[in-house]
Each structure stands twice: as structure tokens, then as C-alpha cells.
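Have a look at the chain first, then try each task before you read its solution.

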Amino acid sequence: MNRTNELFQEQLTILNVGAPNFREDLKLQGQQVTQIKWQPPMDGDQELLELLDRYSFDDGVVEANRKAVDIVMSASPVLIGIEPAYKVVPGMTEDTILHSGPPITWDHMCGTMQGAVIGALLYEGRAADEGEARQLAASGRITFSPCHEHSAVGPMAGIISPSMPVHIVENRTTGNRAYCSVNEGLGKVLRFGAFSSSVLERLRWIEKEFAPVLNKAVEMAGGVDLKLITAQAVQMGDECHNRNKAATSLFFKEITPFMVQSGYPMPQVLRAIDFIRSNDHYFLNLSMPACKSALDAACGVERSTVVTAMARNGVEFGIKVSGLGRL
């Protein structure tokens with residue numbers, strides 16, 4: 001038994017830094033926890049700009065960073081539809097699979113991402129079973145490319161294949177768009193590398209039944225203001241990543257009347273409504289492209305050191321910096 005295993009068999013004294021929720025959970029488990037008072041060093045846009053100023057090299061960089069931050073803060077992300085990736089995602093082809101994080105090849109992918117790729121190939125009908133999917137993935141006939149190089153973003157494994165419906169988010173301030181797949185919920189899902197029959201059936205249902213209803217509803221609504229929902233949700237306790245209950249509820253309230261009026265058969269509409277109602281994390285896959293659309297707009301500001309993307313693929317971690325362009 002190694003030292004790590006021995007450590008967790010001993011009585012621990014735990015220091016919790018930041019959110020007190022974790023302390024309360026540990027106390028319920030009978031652990032001794034000391035809460036450390038701490039908060040992030042920045043509070044507001046002005047302090048962010050002051051921090052950038054402090055570490056900038058000259059006035060040109062300072063001004064470039066101010067410009068980049070202004071672009072991000074003035075973004076107006078709006079959900080305008082949901083369509084198959086091959087129709088709307090730039091650079092998507094029938095042989096392309098997008099993934100999270102920086103570029104990576106099949107043989108270097110972690111097991112979770114490989115599982116998600118296998119699931120995507122089965123879902124697309126490119127393979128009959130896991131063995132065929134692995135052979136195809138390793139053959140070189142599939143192009144693997146980072147979501148962030150295609151104006152897209154994806155949670156966890158981040159897999160987007162051609163037929164998958166993606167939310168289309170438009171930054172109404174600058175006109176650029178960002179894309180993200182539909183959140184499947186919790187448990188056995190593709191983003192965690194699962195590819196059982198139940199996972200594939202859910203993906204096909206999202207494509208065939210759910211996406212058409214939502215797309216029509218969004219069209220009837222004239223778009224859904226994601227920045228407004230996010231602002232309200234934060235005041236209600238969400239941080240729009242691990243907690244999306246308020247944001248999903250606000251989105252549900254906004255879109256449900258239009259789903260009912262979409263003209264699709266009522267049993268199909270009710271299943272689509274229940275899918276959002278029962279998935280507190282639905283808004284996560286809207287908040288991600290909303291942020292993506294805001295940060296992409298700030299790419300390419302010459303001399304700016306503002307980071308416009310941070311992403312991992314389970315093996316490597318990468319960043320994008322505004323002044324280095326859009327690649």
C-alpha cells in the first residue's frame with residue numbers, strides 16, 4: 001500500500017479555502033474541518049484592468065488589454081437556433097470529430113475521450129461495434145480537431161460529430177457565433193466516455209425529436225437573451241458551471257410557451273419540455289457558447305495579453321491569447 005492510501009486511512013484535519021459549502025458536506029461526514037476566510041483578489045472590471053495594467057510592459061499593451069476587455073464586457077450573446085453541426089459549424093465535414101482542449105491524436109487520447117469518440121462513430125453509423133469504431137478512429141480517415149478552432153466549445157470530452165445538434169449563439173454586438181452540443185444530463189453520458197445503447201438512443205432522440213421542437217421555439221421567440229438569464233441566475237446563486245438550477249429554470253420559463261405553440265405533435269413537445277425540466281444542467285451548454293462568443297470577439301487585438309480560451313483534453317492543457325490571433 002502506498003503512502004497516499006495510508007494517508008486517507010488516518011484521521012485528517014482538513015482546511016477548506018473559499019466556499020463554505022464544502023466544509024458543511026465534510027462535517028456531515030464526521031470530518032474535522034477548519035474554514036479559511038478567503039476571496040478572489042479581484043472584485044469588478046476596474047480591478048481586473050488595474051491588475052492587467054500592473055503587469056503590462058508598456059502603454060500599448062495596456063490600451064490593447066483595455067480594448068479586449070471592453071469587447072468581452074459589451075458582448076450580447078443570444079441563442080438563435082439549434083441545427084446539426086455539419087450545417088453550421090465552420091470547417092465541419094462528415095469525417096470530422098471535434099474534441100475538447102488543444103490538438104491531440106487518437107493514440108494519445110485519454111480513455112474517456114476515446115470512449116466518447118467511439119460513441120460518436122456508432123451514433124453516426126460509421127461503425128457497427130466498438131472494435132470497428134476503434135479501427136476507424138486509428139485509421140487516419142477521421143479528422144480530429146479542437147472545438148476551439150471551429151468557434152465551438154464542449155464540456156468534458158467535448159465531442160461534436162457532424163449529425164449532433166448544436167446550440168447556435170450569436171453575439172449581437174459583433175456578429176460572431178459560437179456553437180455547443182446539447183447537455184445530455186447526468187449519469188451515463190457521451191461526455192464522460194459512455195457509449196452504451198441507452199446513450200446512443202438519447203443522442204438520436206435529441207437529434208430527431210428534441211432539436212426540431214427547440215429550434216422552432218427559439219425562432220418563434222426571436223432568440224433568447226443568454227446574458228440576461230445569466231445575470232439573473234448569478235443573483236439567484238448559480239455560477240453557471242456546476243450549479244445551473246436557476247439559469248435552467250429561467251430558460252425553461254422563457255422557452256416553454258413557444259415549445260407548446262411550435263406545431264409539433266403534443267407528445268413530442270411534452271417529451272422535449274420534460275427533458276429540459278428534468279435536467280438542471282441544461283443551461284451549462286448555453287452558458288459555455290455564450291462565453292465563447294464573447295471571448296472569441298476579443299481575439300486578434302494586437303498586443304493584447306488577455307487570455308481568450310483555456311481548455312484541456314485529459315492529457316494536455318492549452319490557452320489562447322488575444323494578441324496571438326484566432327488560431
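**Exercise 1.** Is cysteine 299 buried or exposed?

*Solution.* Keep in mind that this is a predicted model. Step one: look up the relative accessible area of cysteine 299, which is 7%. Step two: compare this with the cut-off, since buried means under 20%. Cysteine 299 is therefore buried.

**Exercise 2.** Find the order of the strands in the open sheet of four strands, and say which strands stand at the edges.

*Solution.* First, read off the order, E7-E6-E3-E8, with antiparallel pairing. Next, look at the ends: strand E7 (177-181) and strand E8 (224-225) each have a single partner strand, so one side of each has no neighbour in the sheet. Finally, zoom in on one pair: strand E3 (residues 77-84) and E8 are joined by two bridges in the antiparallel sense. Here leucine 79 is opposite valine 224 in E8.

**Exercise 3.** Describe strand E4 (residues 96-99): which residues lie on each side, and how does E4 run relative to strand E5?

*Solution.* Take one side first: Thr96 and Leu98 are there, and both are buried. Then move to the partner: E4 and strand E5 (residues 143-146) run parallel and are joined by four bridges. Histidine 99 stands opposite proline 146 in E5.

**Exercise 4.** Describe how helix H8 (residues 197-221) packs with helix H11 (residues 266-277).

*Solution.* Two packed helices are described by the angle between their axes and the distance between the axes. For H8 and H11, the angle is about 95° and the axes are 9 Å apart. Angles of 65 to 115 degrees count as roughly perpendicular, so H8 and H11 are roughly perpendicular to each other. Last, check the residues that meet: they include Trp205 and Phe210 in H8, and Val269 and Phe275 in H11. The contact of H8 with H11 has eight nonpolar, one polar and three charged residues.

Notes: Residues numbered from 1 in each chain as written. Predicted model: local features only at pLDDT ≥ 70, side-chain atom pairs only at ≥ 80, totals over all residues. Heavy atoms only, no water. Buried < 20%, exposed > 50% of the residue type's maximum accessible area, 1.4 Å probe, protein only. Pairing = 2+ DSSP bridges. Axes fitted to C-alpha atoms, helices over the stretch in contact; angles between N-to-C directions. Parallel < 35°, antiparallel > 145°, perpendicular 65-115°, else oblique. Contact = heavy atoms within 4.5 Å. Nonpolar A, V, L, I, M, F, W, Y, C, P; charged D, E, K, R; others polar.
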